[in-house]
Protein chains: 2
Amino acid sequence: MPQLGFLHGRAWAALLGQLRRPPGAVCIGAVRSHSQVAEATLASQLKPHKEKPNFILKTPKGTRDFSPQQMVVREKILDMVVSCFKRHGAKRLDTPAFELKEMLTERYGEDSGLIYDLKDQGGELLSLRYDLTVPFARYLAMNKVKKMKRYHVGKVWRRESPTIVQGRYREFCQCDFDIAGHFDPMIPDAECVKIMCEILSGLQLGDFLIKMSWKDVRHEMVAKRGLAPEVADRIGDYVQCHGGVSLVEDMLQDPELSRNKQALEGLGDLKLLFDYLTLFGIAEKISFDLSLARGLDYYTGVIYEAVLLQTPAQAGEEPLNVGSVAAGGRYDGLVGMFDPKGHTVPCVGLSIGVERIFSIVEQRMKTFGEKIRTTETQVFVATPQKNFLRERLKLIAELWDAGIKAELMYKNNPKLLTQLHYSEDMGIPLVVIIGEQELKEGFIKLRSVASREEVAIKRENLVAEIQKRLSES
Amino acid sequence: MPQLGFLHGRAWAALLGQLRRPPGAVCIGAVRSHSQVAEATLASQLKPHKEKPNFILKTPKGTRDFSPQQMVVREKILDMVVSCFKRHGAKRLDTPAFELKEMLTERYGEDSGLIYDLKDQGGELLSLRYDLTVPFARYLAMNKVKKMKRYHVGKVWRRESPTIVQGRYREFCQCDFDIAGHFDPMIPDAECVKIMCEILSGLQLGDFLIKMSWKDVRHEMVAKRGLAPEVADRIGDYVQCHGGVSLVEDMLQDPELSRNKQALEGLGDLKLLFDYLTLFGIAEKISFDLSLARGLDYYTGVIYEAVLLQTPAQAGEEPLNVGSVAAGGRYDGLVGMFDPKGHTVPCVGLSIGVERIFSIVEQRMKTFGEKIRTTETQVFVATPQKNFLRERLKLIAELWDAGIKAELMYKNNPKLLTQLHYSEDMGIPLVVIIGEQELKEGFIKLRSVASREEVAIKRENLVAEIQKRLSES
């Protein structure tokens, strides 16, 4: 996919470009000041506290806060994922964080013990959602929707033993894309695999492989299509080799398998899927893998899972499987479990494991010492004068009203150097400097932080000049 | 604020422009098809169901799903709110959906009974967050952050009796902006009020007023500054008149009040706030209101609340208070409640009630019969030929890889008319039509859905031509 790689490479470079900022001392927030408020609160600090906290300050086990630095990276990753979902024509859906407990019961097999229940405080019994798939199926059944292509980005909760080092948490974000409806075979399935490839290529996380689970296909054929177990095992023999489309071709040529109608049909579906993946230019990314036994209870067909072969930081080393970053599959029976009459809506979908991707990108940025801009501020409004707060406030309101992102210091008389340092540290490109003499003459100084160049601009042309500079950069 | 009004007016018009789509029959998803999968699932429908659902299909009380149509409107509103927060230099923060139960205990006074607790399944006792303010204070104390300007968009949960008609839910979204730190008086407070005005002007919800609660200021002066209650009541007399900066001036002239040092100081702060709001051009939007008694337990200073005076749909009628759409205030003591040594960080902030705003915009769109595009698809790939799925798949992959948003029908042999109708219904601007004869000659037809004009494009120029057309529109 040279075009895709190129396009997304540019996008990624742009992302990194946006994330980088000139080095300098880190400065959180704005400058300190001593003020009436400060004195008032200082006084209250000296008073003995009624409610001295007697607990450890922490977030619940397996959860975490996201700092502004982390949020910038997360949002860029989510934007790339969502823009891919939109490229494929998906609509956005949202569902509540909790469901009636009975909606989730018996959907997840032995994993059901990991569901967070809410306390019975009167009324309905509720549970936090465990994934976004079951709420989607509930939505389809409840609204009698027979076909829909939707995406959903949201948090889910699982009471797992958190192994933070692997990017596993009890609260985590899922990005799901699903296609529901009766369609011709393998076309939506192929699109889901294509989406996985586009997202993983676009994020430039390194080489990856999409593994298809044979176990479930085998189960499908044996249990649902009546394939004799010995024939299925024969297929299994082939699949243990790993392989792609050529393996399917070999199997279709096998005299024993080709005698069996169901095997031929199943292989026909697989061949069709590989055909479509070949047309999409991604067949070489796919491999069957019998050892892959993943899959939630509700899956009914082919399951696929994307694994990274190495992290970019480890380039040059032996390719290393760092685990699953995306997974998906077919679940044709789930909607029917919610429908009062058992009417089914076949579904296929995928889920992007953004937490793990986020861990990898964060680790990479640490390795390369990347600095991140956590605000988008374009202009800082400064002054070297004392008692010029009113002038600063009037001017900054004008900038805000013109849609320009601007900040100032919440201090009556800040030092000019402090204001300039803050602008530099925060990566703000422009500084407006209001001087008494210039203002009398109708001018304002505009400083470029990168070049440290300053020019005097006519007061009435200031907004236009700033907008011109920002549009050029 | 003529400039602000103009800018945001344009933005709003652009939003409505984006939301509108040509009228036509509604068509959810893609076309129907009969396929192997369909037959397979049909067969499974005929089998008796093991787990026939014996529950009512619904979302928990006070919660709801958001359909794609609703999500489009919500996202546009949230985008406008967030872009205002960014314009004021805020960083984004995120915290878990639940906190340790003890973090929330005793923070909300009598409202504490509305907190959702999680079931004790072993381990920590947890509660769903009730707002975004307490988690922010916990974050500041936990990370010893002394100053920060952050925004947070997220869901919160309250076990209230839902009165859906007023846009009140048990799960709802909050958009918070807060400034933490020791600064010179009233500068951050004024910025918070300015942000409220910018957002409400920008969303064009009609005329609004920001009411300041006097009750809490009075409490502040009496309890914390030692103002004699009779002097405070004297102030109260003034405030019952309603009023803005002129009222504060009158009070400063009052012989009884001006004899009292604390009253002078308090009035000085109020005057300062009005001064800054005047510089920001929004003083006429502010009114004191003694009747306003809102305020969560943790507020310590001035509280403000924005109310809409009428809904745009009711223009011409008597102005009607449709209730609060934004609220905020100062809470200087909250961080200290979390800090082991009781160190405080003064804070001021605001919260936008997006659910109510969303209800108003949704109602308005229903009234005006606005149609909404729920996808961003730019090109539909169609064919009049039978057995041309492979050509469609190859071509659409090329579009996707070039970053073009494209869809096709998941059917081997869809009818051309069905494909064109779908494109029209969904508001997709361009259709690529692959014909057998044209393809042999190296051409593809490109159809503009609006004008129904069709032109033949050289196959190799197709992507460039589509990109050109999309950039022009």
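Helix α3 (residues 68–87) of chain B packs against helix α13 (residues 354–367) of chain B at an angle of about 125°, with the two axes 10 Å apart. That angle makes α3(B) oblique to α13(B), and the crossing of the pair is right-handed. This is a predicted model, in which local features need pLDDT of at least 70 and side-chain atom pairs count only at pLDDT 80 or more, while totals for chains, interfaces and linings use all residues. Residues are numbered from 1 along each chain as its sequence is written, chains are lettered from A in the order in which they are written, and side-chain values use heavy atoms, with hydrogens and water left out.

Helices here are DSSP runs (H or I, at least four residues), numbered from the N terminus. Axes are lines fitted to C-alpha atoms over the stretch in contact, and angles run from 0 to 180 degrees between N-to-C directions. Angles under 35 degrees count as roughly parallel, over 145 as roughly antiparallel, 65 to 115 as roughly perpendicular and the rest as oblique.

In the contact (heavy atoms within 4.5 Å), residues of α3(B) including B:Val73, B:Ile77 and B:Val81 meet residues of α13(B), among them B:Ile357, B:Phe358 and B:Met365. The residues of this contact divide into nine nonpolar, one polar and three charged.

Also within chain B, helix α9 (residues 245–253) and helix α11 (residues 261–279) have axes that come within 10 Å and cross at roughly 155°, which makes α9(B) roughly antiparallel to α11(B). Among the residues in contact are B:Val248 and B:Leu252 of α9(B) and B:Leu267 and B:Phe274 of α11(B).

Helix α11(B) also packs against a helix of the other chain, namely α14 (residues 389–401) of chain A, and the two are oblique to each other. Here A:Leu389, A:Arg390, A:Leu393, A:Lys394 and A:Ala397 meet B:Asp275, B:Tyr276 and B:Leu279. The side chains of B:Asp275 and A:Arg390 form a salt bridge (3.7 Å, N to O), a term for a side-chain nitrogen of Lys or Arg within 4 Å of a carboxyl oxygen of Asp or Glu.

| Helix pair | Angle | Axes |
|---|---|---|
| α3(B) and α13(B) | about 125° | 10 Å apart |
| α9(B) and α11(B) | roughly 155° | within 10 Å |
| α14(A) and α11(B) | about 45° | 8 Å apart |

Across the whole interface of chain A and chain B the rule finds 18 salt bridges. The contact takes 130 residues from chain A and 131 residues from chain B, and the two chains bury about 12,000 Å² between them, 58% of it on carbon and sulfur atoms.

Note on methods
Buried area = accessible area lost by both parts, 1.4 Å probe. Left-handed = near helix turned anticlockwise from the far one by under 90°. Nonpolar A, V, L, I, M, F, W, Y, C, P; charged D, E, K, R; others polar.
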